[in-house]
Amino acid sequence: TPTHGSPAPLPAAVWNFPRTSEHHLPLQIGETVHILQASEGWYRGYSLRNRATRGIFPASLIHLKSAVVERRGAEESVVPAEIPMVQEITTTLWEWATIWKQLYVAGQMERYQQVKWMMYELMEQRSQLLSGTLPKDELLQLKKEVTGKIDYGNRILALDLVVRDEDENILDPDKTSIISLFQAHKKAAQTITQRIQEETSLQQSTLGCSARLAASPSHSLYLCVRNFVCNIGEEAQLFMALYDPGEQRMISENYVIRWASTGVPQDIELLNNLKAVFTDLGSKDLKRERLFLVCQIIRVGRMDLRETYSRKLSTGLRRPFGISVMDITDITKGKCESDEDKQHFIPVHLAAADNDFLHNMIRKAVEGKDINHKGQGFWVSLKMLWGDLSQARKDHPHLVDRSTVVARKLGYPEVIMPGKQGDVRNDIYLTLVQGEFDKGNKKTQKNVEVTVCVCDESGSVVQNVIYHGVGDKPVSEYRSVVYYQQRHQRWMETVKIAVPIEDVHKTHLRFTFRHRSSSDSKDKSERIFSMAFVKLMRPDGTTLRDGEHDLVLYKGDSRKLEDADAYLTLPSVRNLSEPKLLSGSSFRVSGGASGLTMSSRDSFQISTLICSTKLTQNVNLLGLLKWRSKPSLLSRNLQKLMNVDGGEVIKFLQDTLDALFSIMMENSDTDVYDTLVFDALVFIVGLVADRKFQHFNAVLEAYIRQHFSATLAYKKLISVLTQYVDHVSRGEPCELLMRTFKALEYIFKFIVRSRHLFAQLYEGKEMAEFQCSLRQFFLSLNQLMKSPLEGPTLLSQ
């Protein structure tokens, strides 16, 4: 027999076990049992809910939790060896679950939904408590949130009130005096009443979706693919993305599903678990006139489906099959309530001919022409999740879990939080736009396939850095869709390239072009007929500009076309001012030393979009961020910061602020850069105050609270601030001080935080000097307000 406080197992059911035989003991998930006997994978015992009924149940359904035996007199009880708060959540969920079902039966749907979300939140918080990774202060905060939720839920469900001590643990009535119990009860009742009043006023002020939209700058759209029914007969790749018909372009990354010829996902584990969430959708995205969910279906196999395998055919060709489109504007705007259980059918528009470009088909399909789909299409569920991804994970843990694929927007979210691991990005989005290829010595137009790879300076292919989309493994080369016998190709295919930040300066993209034949023997004899390339970084250290690039196509020996030494010194982008050559299809470049010729009859355009929080396209901002490499240009770079586009500075807000305070701290013995750094700081705070960037207030606050570490900054900031006030008091121009006063709130937040960090580090030293400098500032301010001069008078008003 176990002694008091000794460990003992506590068996609990982890799965429902229905009674299919008179000897079985029926169990529900979570039910605690007492085991009397064990034999060959089975236990015999009884449930602690009903000790009178005994029976057998599978051992595989039972989890033995660690527990301890507690005795009070003759009584003996087995208590789980978990945090008491975890036990309380478990008990509460059991109790609420019964009432929750009754609410559903009674048709009280509003209260039913309220309890449902509270239970989801408690489950999420329970898993956080069990993780054991929270520091002490966060653990206490989480406990307070949990107890607040439990007490609030118990009150609205008319259950007993639980009284607690200061550490949020349930008070033991046997060890607590009656007066202490009464005081704790009274305090708990007041807290819950206050919470209910707050909830009521919050509900009254909430105006549905519009309020939720305004509350957060970023939202997500949840997609679950329930089924895909389509007679393809070969393997297929499904590319799902959000599409703006006004701009005629995708606005999100592709969610990729690889579909087997048998009619199920290639990865069978994904069956009934094809979930994705399109995130980073800002208020501008939700205000788009129309927004569509689009799926492009690409089959992978032979050139023509009608051809039989009587002769040896080339395989592995990516060929257009069809597209599906669904107008989701009402769902994203919150006009119709989205529900994760409701299924929508999206029919498939089949490619009618080999020259049907998928992008053109999408454009036609959004016009809404009816088609004869014969029941072929997708069944999907969609739900708008208000708030950013972390909020969606908290609010909807059953939808956004570890298996849910995250597809980001092609571009930045409206708010980039500093230091958040999820927001450190270095994504290069490459779109194959279009190309035009002469048939050369062939009788018919070519079936062109573009192969994209990322290469280093020596021409070696960088492995596994190209993504077809999210939910798919990276590959070393990307092959385009092959359109049959087309002179003018329009692909509009987007891939993501994820090169490590430290390698971007030495990598380039290489595009090779090859004619693909339907016959395997002919196909194998085809060589690369053309090549283009573009470097990811420009000579001045900035990245490739966003937008379209008209690349130069080179012809020559197929081995030379893949030799980086032969082409890297040649121009990669076609100069717009170059006159078009009228005669001949090509001309030799670089005196023929490279053995490559530039093609004038063929053309090729790509588009790039770089979403990097570490690499900038602005040379002035780059100069400031890398100020240590050229300290002689520091003054000029600080002045030029004011000319940088506000959006670019905001994207690099943390890095820019870090650079400014590093300059200040590393030049603490001189005041040469103090006013320039101060002006730059005022400029940045002014940007955040701009309505366009108003959401970045939270970013700046988070930076000051969590990342700012310049302990000496307060001395320099107060000194420059006082100087500015003194100058204006003497009648000097006051424009700079006007801007400074607008930024005064944040300047003082930096001063206070800096002084606080200094005091922590040096145990409160130099307090008198700090107070003296503050007093001097306020004296200068008084002097400014007393000034009879016109400028200071206007300023002091």
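In this briefing a residue counts as buried under 20% relative accessible area, as exposed over 50%, and as partly exposed in between, computed with a 1.4 Å probe on protein chains only. By that scale Asn 464 is partly exposed, with a relative accessible area of 45%. The model is predicted, so local features need pLDDT of at least 70 and side-chain atom pairs count only at pLDDT 80 or more, while totals for chains, interfaces and linings use all residues. Residues are numbered from 1 along each chain as its sequence is written, and side-chain values use heavy atoms, with hydrogens and water left out.

**Overall architecture**

- The protein has 22 helices and 27 strands; these are DSSP runs numbered from the N terminus, with helices (H or I) of at least four residues and strands (E) of at least two.
- Of its 797 residues, 48% count as buried.
- Contact here means heavy atoms within 4.5 Å. Among contacts between residues at least 6 apart in sequence, 71% join residues at least 24 apart.

**Helix 1 and helix 2**

- Two packed helices are described by the angle between their axes and the distance between the axes.
- Helix 1 (residues 84-105) and helix 2 (residues 109-131) have axes that come within 10 Å and cross at roughly 160 degrees; axes are lines fitted to C-alpha atoms, for helices over the stretch in contact, and angles between N-to-C directions run from 0 to 180 degrees.
- Helix 1 is therefore roughly antiparallel to helix 2, a term for angles over 145 degrees, whereas those under 35 count as roughly parallel, 65 to 115 as roughly perpendicular and the rest as oblique.
- The crossing of helix 1 with helix 2 is left-handed, meaning that the near helix is turned anticlockwise from the far one by less than a right angle; clockwise would be right-handed.
- Residues in this contact include Trp 96 and Trp 100 of helix 1, and Met 118 and Met 119 of helix 2.
- The contact residues of helix 1 with helix 2 divide into 18 nonpolar, two polar and three charged. Ala, Val, Leu, Ile, Met, Phe, Trp, Tyr, Cys and Pro count as nonpolar, Asp, Glu, Lys and Arg as charged, and the others, Gly among them, as polar.

**Helix 20 and helix 21**

- Helix 20 (residues 744-761) and helix 21 (residues 767-786) pack at about 165 degrees, with their axes 12 Å apart.
- These two helices are therefore roughly antiparallel to each other, and their crossing is left-handed.
- Phe 748, Ile 751 and Arg 755 of helix 20 meet Met 767, Phe 770, Leu 774 and Phe 777 of helix 21.
- The residues of this contact comprise six nonpolar, no polar and one charged.

**Helix 16**

- Helix 16 (residues 674-689) has 16 residues and reaches 23 Å from its first C-alpha to its last, close to the expected 22 Å; the expected span is 1.5 Å times one less than the number of residues.

**Loop residues**

- Gln 445 lies in the loop between strand 18 (426-436) and strand 19 (448-455), and is partly exposed at 22% relative accessible area.
- Gln 445 and Arg 487 are 42 residues apart in sequence, yet their C-alpha atoms are 5.8 Å apart in space.
- Beyond residues up to four places away in sequence, Gln 445 touches Phe 437, Asp 438, Lys 439, Gln 485, Gln 486 and Arg 487.
- Gln 485 sits in the loop between strand 21 (477-479) and strand 22 (488-497). Its relative accessibility is 31%, so Gln 485 counts as partly exposed.
- Gln 485 has a positive phi of about 50 degrees although it is not a glycine.
- Asn 464, in the loop between strand 19 and strand 20 (466-467), is not a glycine but has a positive phi of about 50 degrees.
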